[in-house]
Amino acid sequence: MTIDKAVITAAGPSQRALPLQRLIDRDGQDRTVLAILVEEAAKAGMKQVAVVVHPGDESACASAAEGASVKLHFIPQAGGAGYARAIWSARDFTGSDPFLHLVGDHLYVGSEPGACAARLVEAATRERCSVSAVQATHESLLPNYGAVGGQPLTGHTDLYTVDSVIEKPTPTLAERSLVVPGLRTGQYLCFFGMHVLTPTLMDVLDSILAAGSTPPPSFSSALQALASRERYLALLMDARRYDLGVNYGLFMAQAALALNGRDRDEVLTRLVQLLAASPARKVSL
Amino acid sequence: MDRLIAIITSDDEALRNTPLDRAVEGLTLDHLLQACRALDSFRRQTSNLYHRVRALFFLSSIHRYSLPRLGSVPAFGHIPFRAYTQFLDRRFEESISILLDADSADGPSEALSSALAAAYRGLAFQTLADQVRRSVRSISGNQWMFRCGHAADYPLRIRQELLHSSSGRFPILRETTPVRMDLSHSAWSDIFFLGMDYPEGARVLNISIDLAITGRGQPKPPVEAHFRVIDRPVIRLVSVDLNAHVELSAVAEVFDFAKDYLGLLKAAVIASGIVPPGMEGAPASLAPLLERLTGHPGHGIEIVSKVNDIPKGSRLAVSTNLLACLIAACMRATGQVSTLTGAMEEDDRRLVAARAILGEWLGGSGGGWQDSGGVWPGVKLIRGVQAQPADPEFGISRGCLLPRHDLLPDDRVPPAARQLLQDSLVLVHGGMAQDVGPILEMVTEKYLLRSAREWQARGEAVGILDQVLDRLAHADIRGIGSLTQRNFDAPIQTIIPWAGNHYTQLLINRARAEFGSRFWGFWMLGGMAGGGMGFLFDPEIKPQAATRIQHILSETKRELEGGVPFAMEPVVYDFRINPRGSWSELVPAAEALMPPAYYVLTAPALLRRESRSLTPAQRADLEHFGARSREGGEWAAAGATLIDHLLPETAQSKSASSSLDALLESHGFDRVQHSQIRADMKSGRIGLAQNRLPASARITNVDPGELPGIDGVHSRFVSIGQDALAQGSIAAVSLAGGAGSRWTRGAGVVKALNPFCKIAGRHRSFVEIHLAKSRKASRPYPLAIPHVFTTSYMTHRPFEASLARESSFGYQGPLLLSPGRSVGLRFIPMTRDLRFAWEETPQQVLDVQKQKVIESLRAGLIQWALAAGEGSDYRDNLPLQCLHPTGHWYELPNMLRNGVLARLLDERPSLKTLLLHNIDTLGADVDPGLLGFHLDSGAAMTVEVIPRLLDDRGGGLARVDGRIRLVEGLALPGERIEFDLSFYNSGTMWIDIDRMLAAFPLTRAQLRDQAAVDAAVRDLAARMPSYVTIKDVKKRWGRGQEDIFPVAQFEKLWGDMTALPELDCRYLSVPRLRGQQLKDVAQLDGWVRDGSAAHVASLCDWQ
């Protein structure tokens, strides 16, 4: 299985401005979030990257990703709202090929740029199936993520077969359906925001979107259907992902890039100075 | 003994079901003691929960019944005080160890066995309760709530649909839930312990129903919950039917269950995970949690409960279904139930039911597992489930905590059967609201002991359920009526005789007499009869029957209410089977209104505020309510009621106050004495702590060898007694002026008239039993024994009415009532007395969650006493509930003051002796031997005492500064001393009339001189100590709701007469069967099982 196409979604009403935000990357370069994501894909061996955008955002996104080393496509999301539909908008681009998918409102910080996507692509290529990157996540964060339930794959410490996928489960539901052997109590495998998906996913989306339900089907429900149709794995990531859309999300992502990059010492020094200069406050833990 | 352990552990069903009584039949004392040692060792070693529990119940039963029955165990023994305090603190293992050490050192005794029986029983129930608690926590979907301890870890979010606001208001989620009735009565097989040990026998036929009190509209789901987001960072809880509302801003307030009437709503908030149980004890504000929950700073939630006109004690599991309804609404709102509106999926129903169990445990209550059946629709068979390897219960118990619900389709319950059932059944609330907790404990114990008759009856009840199912499939409701009647008459009352009562039996008899064969049968709902009940009739006469049943209920209640505690006026319901179970609707923000009564309750406080201080949502809500109330109907009525609520209430409270004053006047209330007592109490001169004898008093035990026993009563005394009886020189006096508050928990009815037990085929009251004993004692002699019942302001009229109605129970001898001549007005207690009672004296610690509730309740009651004014008069209740009898010391002097003794002496000049006893000492009779013993001794008073057992609390016989006398428990300087006393006061005394008169001092001739009698009584009363006591008094309100308040009162007690140096008192040790008192309804079952009831019956002549 060859994976050389990637789809980045950046069309959500509340996230469409996030890929355009500028950050200083690990090398000290001033770049947009979108450019950093495209580079992540490129370093994982992608040759073409499609960015699904809100209609009218094509040029803004194109300039944000200027200078990319791969071929870029900007696809306006059509036919309605929703994450599942955003992926489906890239159906013509992916055709009958598997593809890497990244969400446009997250940044991934691994051992080096591109390491996260590369590891995921390598696992999917080896296992010849869809693989979603996941991270062990405390139950208090369940309202923010999709989560999977499954069993460890024999002979592997970081791969799981996926039995069920639930979007933003309540802890009650998670406890009943998503407990995974080997994880600590109260921890679940939540999506990392990065997937390798086979063309079957697009077939699934074809059918569930055609049904026209209200509210529109979630991406997680499509993944649940995918799990019932074919082998589907989850890869446990030890890297960090940063949700840019939450309070201080962009700030935390910037700090993570800086502390893992060239300017680590300088930034660390400044942070310590900042801490020293801050008035002491009682913190409730 | 190996055989008992084999019974517990055997896989062979026949052996496992061997009744304990049969297994120990014929065993000698040594064998029984050996069996106890083996069982104790076994229960410490076995890892199987139910083996352990059954061994504990075996041990308890052997000590309580088998050993005393042998007659060879010494009656006297010393119960170590430390074992008692450990027992009260629920440290049962430690208590048992201390008692077993004492047993090894001193040898066995009935006293030690009584303590061991109680400790083993306590440990057995605690083990079972702990297991249910563990199972509730280990249910998948519940566990996360116990590890979430901080708002930062809080994982729930309100569903987006509930956050779409309009003018500051948010949508309302409205959940409605039917209640359940149990068509077969399950023989209580839905008790968790039973279901978990005997899943194959745990089955109930459970029907969800809508209700309306006849004449008040169409049946609808009886309980409702409303949930919405509000623009204040609080949890606002409102109970429309209990007229209570509160805003909670701190986590700790959510866990304070008994602070107000909103404990059920708080339990729902916790059990639904909105404030997870793991946060208990966190000293935190709710605001951060609510911000995470709603996603909006400064926002919170409001939960409103409403019970549609269904009174408490309906036996239809209203409370559990309301809890489930509230939990369902909260879980839907937070996405834990997959559907926001409409019905629920089966998995979600089970989850809600599991959370309802958790909520009941949190709230310190607890029903059976079928109680949340209203969450499911229609008719269903609920069954125990065998634990499988994947279940958390596997290896611990045979069954799972949660049962399986099978909805019965039309081929098993045809539509015609459902319709016919509705057309035949007259569903009622009989008006009684009793605590079924003791009954559930009895059922559990009898099941684990496999008592022969009860076990056979359980099998019969299981068979009846199959027959009911069969009849239902054939739409044969008449057949069902006959089965439910048979179930009530035989298995149910065989297992628990107290499930039936005189009231219910009268209702059945009267229905049968009036409707003959068209009355198809009675149907008991829930734990016991008297509250929710059903009467099945030929559908053709159901409308008339419903009307007549209402009359029969009301008439029978009026007839019995003097002696039977009713909480409310009986009602008849209209009902229909609910086809959809718990159901939810979402009302959009623009149209969202709470029920009309919500505004009547909450609007006055808002309207009294400056309008600018209202939040936008509050303002919009009031505007919307105003607009609706202009449309007429129930909204307009609510508007009018709201106006009434805005104005202070005056007329009613004035009339209650004047009625109380009139009562006080008419019963000889002594205002001067009352003011003195009040002043003394407020100043601290008298109080609970001051009741005690000075610490310098030397109080020592009277050794058992110092008193003559019943075996010392030889034939010479019998013949002296027989002569006295033949001469008509003895009268019986039963003290019945007291409230019997432990019997009815302060319900204000006459204990003496309570038909509490079926003897010789009928329910009999204390009065009837005492008269039957006097009849039998009189039978061989020409003159019947005169019998006097002393009464008080509270008991006199019901007594008169009851004796008139029952033609004095056919008693042919002189029968007199001696009305009370003194009355007291209760006080709001001093908080120091409440603290002394609750903190300084040993108190029974309850199961962990119940203890939390009671501590919260006590904190609330101390606040109540402070707010109401410590030491001030207690007037905030029905007038009769504000008065109190002034203690039984006055009851005999009252016979002097009211002329009853003089009349008696006129009628029977030969009268020389009185047998005085408490109304609850049922074994006391005019025994010729004891009478002869008393006469022969020449004493002024002979007091009967009994060997002390664990439950005999409240003083006893002691040597005080060298003189043998009775000492009240209130007067003992320390609790420990009581445990050194061998004898307990039975309250039965033989009194020489002339010598007693001399103590006043009076003569027979002076009894005609009222002034001399009054002065003599007053002078002697002044020499008697006054004890301040705390008593529980019930205050009823709403629809069957009851509050219990501790109030202070004073009393003088007859036992203190033994301290008078001029009165020659002797003491006689009598057997327990003669001297024990029935103080508490919970004693009844043991009273029957240990042979006491049969002994009493043998003393009676019912003709």
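The contact draws on 12 residues from chain A and 16 residues from chain B, where two residues are in contact if their C-beta atoms, placed from the backbone, lie within 7 Å. This is a predicted model: local features need pLDDT of at least 70, side-chain atom pairs count only at pLDDT 80 or more, and totals for chains, interfaces and linings use all residues. Residues are numbered from 1 along each chain as its sequence is written, while chains are lettered from A and ligands numbered from 1 in the order in which they are written.

**Chain A**

- Chain A holds 10 helices and 13 strands; helices (H or I, at least four residues) and strands (E, at least two) are DSSP runs, numbered from the N terminus.
- Along the principal axes, the C-alpha atoms of chain A fill a box of roughly 55 × 45 × 40 Å.
- Of its 285 residues, 45% count as buried in chain A, meaning that 20 or more other C-beta atoms lie within 10 Å of a residue's own, with C-beta atoms placed from the backbone.
- Among contacts in chain A between residues at least 6 apart in sequence, 73% join residues at least 24 apart.

**A helix pair in chain B**

- The axes of helix 18 (residues 452–473) of chain B and helix 19 (residues 477–495) of chain B come within 9 Å and cross at roughly 165 degrees; axes are lines fitted to C-alpha atoms, for helices over the stretch in contact, and angles run from 0 to 180 degrees between N-to-C directions.
- That makes helix 18 of chain B roughly antiparallel to helix 19 of chain B (angles over 145 degrees count as such).
- Residues making this contact include Ala457(B) and Ile464(B) of helix 18 of chain B, and Leu483(B) and Ala490(B) of helix 19 of chain B.

Conventions
A residue is buried if 20 or more other C-beta atoms lie within 10 Å of its own, exposed if 12 or fewer, and partly exposed in between; C-beta atoms are placed from the backbone. Angles under 35 degrees count as roughly parallel, over 145 as roughly antiparallel, 65 to 115 as roughly perpendicular and the rest as oblique.
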